[in-house]
Amino acid sequence: MVTIIDVANRAGVSRSTVSLVINDSPLVKTETRILVKKIIEEMGYVPNNNARSLSSSTTNNLGIIYMQDNQSFPATSYDYDQSTGLYSMNIVNGIMLGLSDTNYGIVTERFCSLDSGQDLPLSVKSCRVDGVIIVGSPCSSRLIRNLQRRKIPFVLAGADYMDDSVDSVYAVPDEGVRLSFEYLVKTGHHRICLLNCPETFGSFQKRHDGFLKSARDAGTALMDPWEIISRTNRGEGGYLAFKAYWEAGNRPDGVIAANDKLALGTMRYFHEAGIRVPRDISIIAYEDSSLCGYTIPSLTSINIQKEQIGEQAARCLVERISNPGKPPMQIPVTPYLVCRESVLSRQ
């Protein structure tokens, strides 16, 4: 096994110089840095992160904390009342890309910030990570305060908590609603409703307000009622919420769903009730995932660029660790509409 001493001997420098190069220290001359990195690559040297941790009081690990709205995961059922996990997985794919040129390892954990019995994720409490990326929602203000008290670097990736004092990379749900509403109006829809997420999610209000603003800007009269609130953020929640709405006599010609899972649950009800998509009703989801292309008809959706959210969050956290005093960053990622088959032009 090639050691740091072997690299130092080949380069004609001290062991400490090689260590400084590995840690990207600005104290090393440019020509020396280039030489040492070239020899590291030629010799196939891999830094010993365990040894580095002992000498620097760091772990060289970052935590990825998957947020969930209950403590039941993983469940034994794969039915439509469970989370698909695609949202978190897509963001994590981006995180891994953002960390590809670093020496950090990853520790993953699921955490429910709505449960008052837990104050912090175990990986943070046990000091196993140098920083964490909070992935998804719901994310409570209590969790944020506890992380700040712990003084551990963290970044929110796609979470619904918004605060100027916190590093965050996020999608823009009200912009997604605007894109969806404009497209439905453009394609001749006049009775548009919003299938919103539970009110415990921070994005609920942004989506609610975005729908009202979109209707005002378009000069469109709203249905009464125009908003459906799901009890859960999963397929069964969408199914039950829209079922009650439809059976109460409401007849929209277009639906904007808060995410793919709610949209798929709603489409399940459409199938059972003999409601044809898109001939009888059009539907647009928010988030976008591989599931959207699997449905029949394929599901039009707002793509929120989850991989980019993850990559930006990873780079933001590495920068926060190396420069703790820098101002907090809030980085919005622009969504875009992906047109598939679930919207019919009624012009």
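**Briefing: helix packing, cores and backbone exceptions**

The protein has 13 helices and twelve strands, where helices (H or I, at least four residues) and strands (E, at least two) are DSSP runs numbered from the N terminus. This is a predicted model, in which local features need pLDDT of at least 70 and side-chain atom pairs count only at pLDDT 80 or more, while totals for chains, interfaces and linings use all residues. Residues are numbered from 1 along each chain as its sequence is written, and side-chain values use heavy atoms, with hydrogens and water left out.

**Overall**

- Taken along the principal axes, the box filled by the C-alpha atoms is roughly 80 × 45 × 40 Å.
- Of the 347 residues in the protein, 50% are buried; buried means under 20% relative accessible area, exposed over 50%, and partly exposed in between (1.4 Å probe, protein chains only).
- Among contacts with a separation of 6 or more, 71% join residues 24 or more positions apart, a contact being heavy atoms within 4.5 Å.

**Nonpolar cores**

- The largest nonpolar core contains 64 residues, and Ile95, Phe242 and Phe270 have the most contacts inside it. A nonpolar core is a set of buried Ala, Val, Leu, Ile, Met, Phe, Trp, Tyr and Cys residues joined through side-chain atoms within 4.5 Å.
- Apart from that core lies another, of 19 residues, including Met67, Ile144, Ile152 and Leu156.
- Leaving aside residues up to four places away in sequence, Ile95 touches Ile64, Ile133, Val135, Gly310, Glu311 and Ala314.

**Helix pair α5 and α13**

- Helix α5 (residues 86-98) and helix α13 (residues 306-322) have axes that come within 6 Å and cross at roughly 45°. Axes are lines fitted to C-alpha atoms, for helices over the stretch in contact, and angles run from 0 to 180 degrees between N-to-C directions.
- That angle makes α5 oblique to α13; angles under 35 degrees count as roughly parallel, over 145 as roughly antiparallel, 65 to 115 as roughly perpendicular and the rest as oblique.
- The α5 and α13 crossing is right-handed, meaning that the near helix is turned clockwise from the far one by less than a right angle (anticlockwise for left-handed).
- On the α5 side, the contact includes Leu86, Tyr87, Ile91, Ile95 and Leu97; on the α13 side, it includes Lys306, Ile309, Ala314 and Arg315.
- By class, the contact of α5 with α13 has seven nonpolar, five polar and four charged residues. Ala, Val, Leu, Ile, Met, Phe, Trp, Tyr, Cys and Pro count as nonpolar, Asp, Glu, Lys and Arg as charged, and the others, Gly among them, as polar.

**Helix pair α1 and α2**

- Helix α1 (residues 4-11) packs on helix α2 (residues 15-22) at an angle of about 105°, with the axes 8 Å apart.
- At this angle, α1 is roughly perpendicular to α2.
- From α1, Ile4, Ile5, Val7 and Ala8 meet Arg15, Val18, Ser19 and Ile22 of α2.
- Six nonpolar, one polar and one charged residues make up the contact of α1 with α2.

**Backbone exceptions**

- The Ser137 to Pro138 peptide bond is cis, with omega near 0°, and Pro138 lies in the loop between β3 (132-135) and α7 (141-150).
- A cis peptide bond also runs from Ile296 to Pro297, with omega near -5°; Pro297 is in the loop between α12 (290-294) and β10 (300-303).
- Glu287, not a glycine, has a positive phi of about 115°. Glu287 lies in strand β9 (residues 282-287) and is buried, with a relative accessible area of 7%.
- Gln305, in the loop between β10 and α13, has a positive phi near 55°. Gln305 is partly exposed, with a relative accessible area of 22%.
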